[in-house]
Amino acid sequence: RASQQAETERLSRWKKWRRTSSKSLKKALSEVKGLSSYLVLWQRDIHSIEGKFGTGIQSYFSFLRFLVLLNFIIFILMFSFVTLPIIISESGIFNSTAAYISPKNIEDNCTIYEPSGNKGLVYFSAFLKDLFSGTGFLEMTSLFYGYYSVDAVGISIKGYDLPLAYLLTTFAYLALSFLWIIKRSGEGFMQNLVHDADPFQSYCNKVFAGWDFCITDPSAARLKHRSLHYELQMDLQEEKLKQKRAERTMKEKLQIYSLRIFINIIVIAILSGCFYSIYRVTVFSQENSSVSIRNDTGTDSVNLLVQYLPSMVITLANFIGPLIFSFLIRFEDYTPAFEIKLTLMRCVFVRLASIGVLLFSLLSQISDCGTDKCEPCGYNYKLYPCWESDVGQEMYKLMIFDFIVILAVPLFLDYPRMLLVTHCSCKLIQWFGHQEFGISDNVLEIIYGQTICWIGTFFSPLLPAIATIKYFIIFYIKKMVLIHVRRPAARPIRASGSNFFFLLVLLIGLILAFIPLGISIAHIPSSKACGPFRNFTTSWEVIPYKILQFPTGVQQVLFGMASEAFAVPFFMIICIIMFYFIALARAHKQVVEQLREQLV
């Protein structure tokens, strides 16, 4: 310090001022960075949860925060490029106008769309039915696809092509979600590779680096002791099972493989039963709700029940399926770690595939042309005059019902159970104990809701706003449940591994969302009675239509990129690059194994 001060005295005034200002700037930036951490959503709450319950449970709440931010950005995209231009054109701001072009060479029957809006005095029960089902007064609001029946918006002198903006914004939110998930999962994958070491290294990690120094609460410290104890027990059990597996005779192997095949047949039968039930209930709900709305028959409560039947059956399948899988997995003689992974993957399949079955049922009904139902229009226009809004209503109902279930379970099941365990000394009730806060179950719950949001945003552009509010409320509900009602799981999962697994399942949900959206955009004819794509055969057709308006040179380049002459060489180059990286990864793996041997 003395030598630095001596050097400073010899410096010129200009250099002294530069050094002083540089230090002041660094200090100011450091203080701003410290203050900005207070602006991060739920920063204090998540740190508090991490301190009391460890990094495993903290990873769930961080994941929930990520989904809130993702949905908020998707909402900003859809609102800015799709909803806002129509609001501006309707209000006449900036000399704006809306252009409506009537569909040409289309039968008049295809253009008839009369939403079941309530006219005159509305009963409160009818208002509630519309609010929960997305029909009535909600059907022709900006919440659903049918509202956006505008071909172009003129703001001042410039024109705004709404159909093109609608489609490109859909691609933008899907691409944004995909890239953001890949970026986050890349970090988790690297951490996961470090932790997936051999048993000796795993044992050393638990003994020398297993403690979570974020923990400040004594009860959380005891929980961490128990979790480390449990992990060491599981490691020993896995080693015993590996030894037992190595000593199996051929007869024992045949017995266990036969039992696993039989159990997997039962699992497939349960899944088939669930999916068939969802399909039949969806068809029944669509046919009966459409008839009752057109003829104005049945009470509001019965109509609402019929419309919510698919959501109820899906929720029931999501509840019963995991219970049966958890019971059956015990007889398959797998290692504890693999048991958890296999059960989770089966639960993921039930939750996400149930949405797929619902959409398949809807889309098959829409494109059902068995008895010339869709002869003039290309789709079942009598049952679905504006089929995109109908699909949006189904996604809206799924999201609302999912939120109701998430609110109801702690209030009507977990809280009474906590009161009984706390105030009743009966041995049977004490044996049941407090309900555990299962991280994986809670994550699958919100991934299911996010998959609904991704699919539904094309058909209901403001659905991300509902999802943002929903997840915002869920954060506080889950926090209260964790602190006051439930206890942390006795079988904890590692934070690094869980983060990667959550994002992997979320990526599976996003890829699942691509399939029905791709079919809806490129294959099924767009509604001729509503929406921005009334004048196009399919929603995708707006892209080639716009390309044909470009200069000839640009057209040739774009069509050339879409041809086989470009696709085949491009695919071959991608394959060569992929094989190069695979070879590089193998070489790196060999070096890592050698380094591990040297460490040992």
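User: In this predicted model, does Glu445 count as buried or exposed, and why?

Analyst: The general idea is a cut-off: buried means under 20% relative accessible area. Here Glu445 has 17% relative accessibility, so Glu445 counts as buried.

User: Which residues is Glu445 in contact with, leaving aside its neighbours within four places in sequence?

Analyst: Those contacts are Arg351, Asp402, Ile406 and Lys478. Glu445 itself sits in helix 15.

User: How many residues of helix 15 are buried?

Analyst: Of its 18 residues, 17 are buried, so helix 15 is largely enclosed by the rest of the structure.

User: What span should helix 15 have?

Analyst: Happy to walk through that one. Taking 1.5 Å a residue, the 18 residues of helix 15 (residues 439–456) should span 26 Å. The end C-alpha atoms are 26 Å apart, which agrees.

User: Now to helix packing. At what angle do helix 11 and helix 13 pack?

Analyst: Helix 11 (residues 309–328) and helix 13 (residues 387–423) pack at about 50°, and their axes are 9 Å apart. That angle makes helix 11 oblique to helix 13. Their crossing is right-handed. On the helix 11 side, Pro310, Ser311, Met312, Ile314 and Thr315 take part, meeting Glu394, Lys397, Leu398, Phe401 and Val405 of helix 13.

User: Which residues does UniProt list for "transmembrane region"?

Analyst: The unreviewed UniProt entry lists several stretches, including residues 257–279 and 500–524. In the model, residues 257–279 are 100% helix and 0% strand, with end C-alpha atoms 33 Å apart. Residues 500–524 are 92% helix and 0% strand, and there the end C-alpha atoms are 36 Å apart.

How values were computed. Residues are numbered from 1 along each chain as its sequence is written. This is a predicted model: local features need pLDDT of at least 70, side-chain atom pairs count only at pLDDT 80 or more; totals for chains, interfaces and linings use all residues. Side-chain values use heavy atoms; hydrogens and water are left out. Helices (H or I, at least four residues) and strands (E, at least two) are DSSP runs, numbered from the N terminus. The expected span of a helix is 1.5 Å times one less than its number of residues. Buried means under 20% relative accessible area, exposed over 50%, partly exposed in between (1.4 Å probe, protein chains only). UniProt positions are given in the numbering used here, feature names are shortened, and annotations may be inferred rather than shown by experiment. Axes are lines fitted to C-alpha atoms, for helices over the stretch in contact, and angles run from 0 to 180 degrees between N-to-C directions. Angles under 35 degrees count as roughly parallel, over 145 as roughly antiparallel, 65 to 115 as roughly perpendicular and the rest as oblique. A crossing is left-handed if the near helix is turned anticlockwise from the far one by less than a right angle, and right-handed if clockwise. Contact means heavy atoms within 4.5 Å.
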